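Grab a pencil and work through these exercises with the viewer open. Each one sets a task and then walks through a solution step by step.

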Amino acid sequence: MSKARDSILATIRRANGSFPQLTKDAISWPQPRLNGGLAENFVQSLKKAGAVVEKVSAEAGIGGCVSRYLQREQLPSEVVVSDDEVLKLSDWPELVTVHRGRPATRNDKVSVTGAVHGIAETGTLVLVSGEQNPTTLNFLPDHHIVVLRESSLVANTEDMWGTLRERFPIFPRSVNLISGPSKTADVEQTLQLGAHGPRRLLVILVKGEKIN
Amino acid sequence: MDSKAHKFRENAKVALLDPDLQRALGKARGGFVDARTQAFSCLDRHAEIQDAAKQIKDHTLSVLDEYLVLFEKNVNKVGGKVHWARTPAEARKIVLDICDDVDARRIIKGKSMVSEEIALNYALETAGYDVVETDLGEYIIQLAGEPPSHIIAPAVHKTRQQITDLFHKHHSRLGLKERVTDIPDIVNEARLVLREAFLSADVGITGANFLVAETGSSVIVTNEGNGDLTNTLPGVHIVTTSIEKVIPTLEDLSGILRLLARNGTGQEITSYTTLSTGPRRTGDKDGPSQYHVVLLDNGRSEMLAGEFKEMLRCIRCGACLNHCPVYGAVGGHSYGWVYSGPMGAVLTPLMVGLDGTKDLPNACTLNGRCAEVCPMSIPLPDLLRKIRVRQNEERITSVRARWFMKAWGFLACKPHLYGWCLRILAWLLSWLWGKPHILRLLPFVHEWTATREFPKSQGFTFQSAYRKAPNSHE
Amino acid sequence: MNQPSSPRPSVGLLVTCLVDLLRPNIGFAAMKLLHEAGCDIEVPSQTCCGQPSYNSGDLETTKNIARQVIDQFEFFDYVVVPSGSCAGMLIKHYPKLFEAEPKYRNRAIELASRTRELVSFLVDDIGYRVPARRLNVRVTYHDSCAGLRELGIKGEPRSLLESIETLELTEMSDSEVCCGFGGTFCVKYGDISARMVSEKIASIEATSADFVLGGDLGCLLNIAGCLSRVGSKIAVYHVAEVASDMIASGPIGKDAGST
């Protein structure tokens with residue numbers, strides 16, 4: 001172990017006790033109440049942050065929803081889609097070229113990924129990296145489309161950490177909490193979308209329970 | 001960077017007369033304050049959350065060694081590495097060695113105040129690396145060759161016109177000859193230029209808003225997405241951070257996040273909150289293959305035992321800067337080092353020494369607005385006063401000021417003598433009123449009369465009039 | 001909390017060094033209000049509360065002064081101060097000052113529990129209402145920082161003023177932002193202080209009030225000095241002067257004449 005480590009820890013240990021000794025269990029975080037339902041809160045917050053939200057009634061409709069978005073935004077009919085299981089259940093219209101199972105490259109305009117959870121309190125999407133989910137898909141393309149099952153919505157992030165701990169005994173390399181498109185106010189405090197990450201964020205909310 | 005805090009007075013004078021800076025500060029001032037008020041208007045149980053935040057930080061700091069060791073253990077477990085640095089020099093060396101090890105050429109950076117604290121860019125550039133800041137604000141000031149003037153809005157002091165000029169000067173040689181003047185075009189041009197940097201960098205350096213001990217994660221809170229490209233695209237991710245950033249669990253992160261963005265930018269939450277835990281895993285198709293965390297001390301462990309320990313609760317939200325009327329008047333550069341405003345006026349003397357930072361804790365009216373908004377309940381005015389006490393004890397306060405106080409204190413403890421002196425002074429001030437040519441010669445008076453009329457005294461003191469006619473009010 | 005020992009509470013008036021030197025009228029206004037409120041008033045021999053040395057980091061000098069204040073004022077039911085910052089000094093800072101001196105610390109804590117800022121004392125402790133006084137003016141109120149943030153005084157001066165018929169209170173924007181006085185700050189960093197006060201008077205002038213009022217003479221001197229320099233017609237008074245109708249002698253900073 002390094003000399004610096006030992007010396008820093010020794011100085012800290014000499015100071016231990018200068019702060020009130022309060023056990024961790026004695027501290028509880030109050031959680032804000034939601035006004036209204038999970039989906040309603042979630043959608044409102046996301047829209048406020050500048051995202052677009054669409055709803056589909058089943059997984060099969062995802063591809064069609066993406067295709068309509070591409071047409072509306074006058075984008076080329078080409079998307080990179082992650083291997084997330086929710087996306088495998090979708091039908092894809094023939095005119096859309098779908099690339100699967102690869103990270104994003106500089107020329108990709110549109111990516112489609114899944115999300116493990118949605119947080120109603122703040123309108124936040126929770127994306128987790130892994131074999132099926134390269135992180136570059138979340139940040140490099142101009143348009144990021146995220147598909148989320150309505151049944152995955154939870155009220156607060158606190159409701160999700162326990163599930164993540166169980167699902168990933170080793171914590172994922174990257175957990176991305178995404179609450180809107182990329183933005184900056186670094187020029188004269190004026191809000192501008194699309195700084196470095198996606199300029200647009202489309203969220204597709206899939207109704208109903210997970211189908212196994 | 002070397003501290004220029006000893007030039008606070010000169011810096012402030014220049015700042016007050018700089019019309020561009022004043023325009024930029026004017027725009028920022030109201031904006032941040034209103035946004036914060038708005039953001040908290042819809043947060044349920046704000047006070048309780050703030051209490052818990054203070055408690056969790058105090059708890060963590062009371063056993064900081066345990067949480068740091070746990071954090072390190074968990075980083076090791078996922079294949080990352082934690083490096084400990086007592087000083088900025090040690091931290092710079094660690095980063096330089098890593099870059100050297102992987103034969104890096106281009107290094108991209110996300111915003112990191114610790115990186116500013118250790119003057120990392122200068123060290124990397126001197127060693128021959130091509131260093132590119134990718135946060136738009138940091139990129140702007142990198143082009144301008146300036147330090148940040150605000151901990152969350154580094155280029156808040158720049159006007160759009162100045163940014164247009166900077167981009168024109170630096171981007172022309174990249175073939176972008178047209179002057180961009182509108183904000184969307186400015187942001188787009190930066191996106192275009194920086195995209196190349198992202199895709200060609202060998203090392204990405206970010207800071208960390210928090211370190212989660214439970215998982216060994218470093219957390220960044222951003223809006224632009226540059227931090228995420230920085231920690232995902234290059235082969236090596238280095239986190240430059242400091243020891244007080246550690247928090248125990250993910251739930252604690254959830255709690256504190258409710259305060260951070262609301263206090264800083266006035267957002268409920270920023271666009272991106274990212275937890276990075278180690279290098280790319282088996283099967284991953286992207287992400288860095290190396291993950292390093294550089295833990296800087298730089299005086300923090302010493303602060304832990306002393307009277308400034310509460311400063312270690314600071315989460316760098318920027319609310320104290322945004323609400324400080326002195327910061328709002330003179331801007332961040334006047335403070336002369338990387339941290340500015342109230343938190344900077346406490347940290348800078350403690351980190352770079354009381355000598356050479358004399359003005360920082362004194363250039364404050366102790367109006368308390370900073371402490372009122374601080375989400376971590378840091379008693380900033382009390383801490384500033386404590387630094388003044390140290391200055392006095394270590395005789396950094398000028399001899400003249402110390403003797404003046406002693407003489408005045410002596411008088412103030414002799415009510416009778418004091419009463420007589422005050423009566424003479426009251427008469428004198430009344431006589432002097434309307435004689436500005438004499439008034440100007442008195443010590444300190446010019447500082448007042450330059451912009452304000454001298455107050456007319458009534459010519460007698462309250463106590464002398466009262467003793468003469470104690471019942472005149474009835 | 002101490003209960004007053006008699007139906008007429010005894011009040012020690014700590015007039016503050018600035019009022020003593022520059023604006024005795026505020027001291028007499030305070031006495032008039034306290035008298036109307038049914039208090040027995042005494043003015044013990046006094047100098048200053050010690051803020052100048054305290055805020056300059058000279059704790060030894062401050063303690064010497066504070067001991068003297070404690071000795072002189074601890075016998076009253078209440079210590080009343082027509083200044084939020086001086087009252088705050090006794091209430092919030094004296095106990096801290098004597099942390100290592102148990103004897104004086106206990107006395108400081110005891111004194112702190114009986115110390116009140118004038119207006120909050122009149123409104124909160126006594127329930128005083130201004131007797132029938134007519135004053136046809138439009139006023140605006142500046143919240144001095146120490147009163148506001150150390151003592152939480154915000155509604156009290158407003159409710160006192162609202163009890164004066166025909167007086168119209170109009171709020172300025174940013175009434176809670178510091179005016180730039182800050183004790184010795186205003187002469188140590190005159191140019192920064194000047195910028196701050198010029199923003200304050202811009203807010204004041206935007207209200208087109210006749211009077212600007214406050215509870216701390218320091219801030220009022222600063223505001224008055226700046227208003228005079230720019231030739232403004234807005235008059236500056238301590239809130240006690242207006243509530244007691246003791247404004248005949250002219251506004252702060254101008255020739256106040258004699259009482």
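A polar contact is a pair of N or O atoms within 3.5 Å; within protein, one must be able to donate a hydrogen and the other to accept it, and residues adjacent in sequence count only if both atoms are side-chain atoms. This is a predicted model, where local features need pLDDT of at least 70 and side-chain atom pairs count only at pLDDT 80 or more, while totals for chains, interfaces and linings use all residues. Residues are numbered from 1 along each chain as its sequence is written, chains are lettered from A and ligands numbered from 1 in the order in which they are written, and side-chain values use heavy atoms, with hydrogens and water left out.

**Exercise 1. Describe chains A and B.**

Step 1: count the elements. Helices (H or I, at least four residues) and strands (E, at least two) are DSSP runs, numbered from the N terminus. Chain A has 6 helices and 12 strands, and chain B has 23 helices and 10 strands.

Step 2: get the dimensions. The C-alpha trace of chain A spans about 70 × 45 × 40 Å along its principal axes; for chain B the spans are about 95 × 55 × 45 Å.

Step 3: check burial. Buried means under 20% relative accessible area, exposed over 50%, and partly exposed in between (1.4 Å probe, protein chains only).

**Exercise 2. Work out which chains touch, and describe the interface of A and B.**

Step 1: find the pairs. With contact meaning heavy atoms within 4.5 Å, there are 2 pairs of chains in contact, and chains A and B share the most contacts. Chains A and C have no contact, their closest C-alpha atoms lying 17 Å apart.

Step 2: size it up. Chain A puts 77 residues into the A–B contact and chain B puts in 106 residues. Buried area is the accessible area (1.4 Å probe) that two parts lose on being put together, summed over both. Here it comes to about 7,800 Å², with 56% from carbon and sulfur atoms. W29(A), R173(A) and H196(A) supply 13% of what chain A buries against chain B, more than any other three residues.

Step 3: look at the polar side. The rule finds 47 residue pairs in polar contact across this interface (both at pLDDT 80 or more). On the chain A side, α1(A) gives the most, with 10 residues. By class, that side holds 28 nonpolar, 30 polar and 19 charged residues, where Ala, Val, Leu, Ile, Met, Phe, Trp, Tyr, Cys and Pro count as nonpolar, Asp, Glu, Lys and Arg as charged, and the others, Gly among them, as polar.

**Exercise 3. Track down salt bridges between and within chains.**

Step 1: set the rule. A salt bridge is a side-chain nitrogen of Lys or Arg within 4 Å of a carboxyl oxygen of Asp or Glu.

Step 2: E121(A) and R258(B) meet at 2.7 Å, N to O. E121(A) sits in the loop between β5 and β6 of chain A and R258(B) in helix α12 of chain B, so the pair joins two chains. E121(A) is buried at 10% relative accessibility, and R258(B) is buried at 4%. D142(A) likewise bridges to R191(B), with N and O 2.7 Å apart, and both residues are buried.

Step 3: stay inside chain A. R200(A) pairs with E73(A), the closest N and O atoms being 3.0 Å apart. R200(A) is in strand β12 and E73(A) in the loop between α3 and β2, so the pair ties together parts that are 127 residues apart in sequence. R200(A) counts as partly exposed at 27%, as does E73(A) at 25%.
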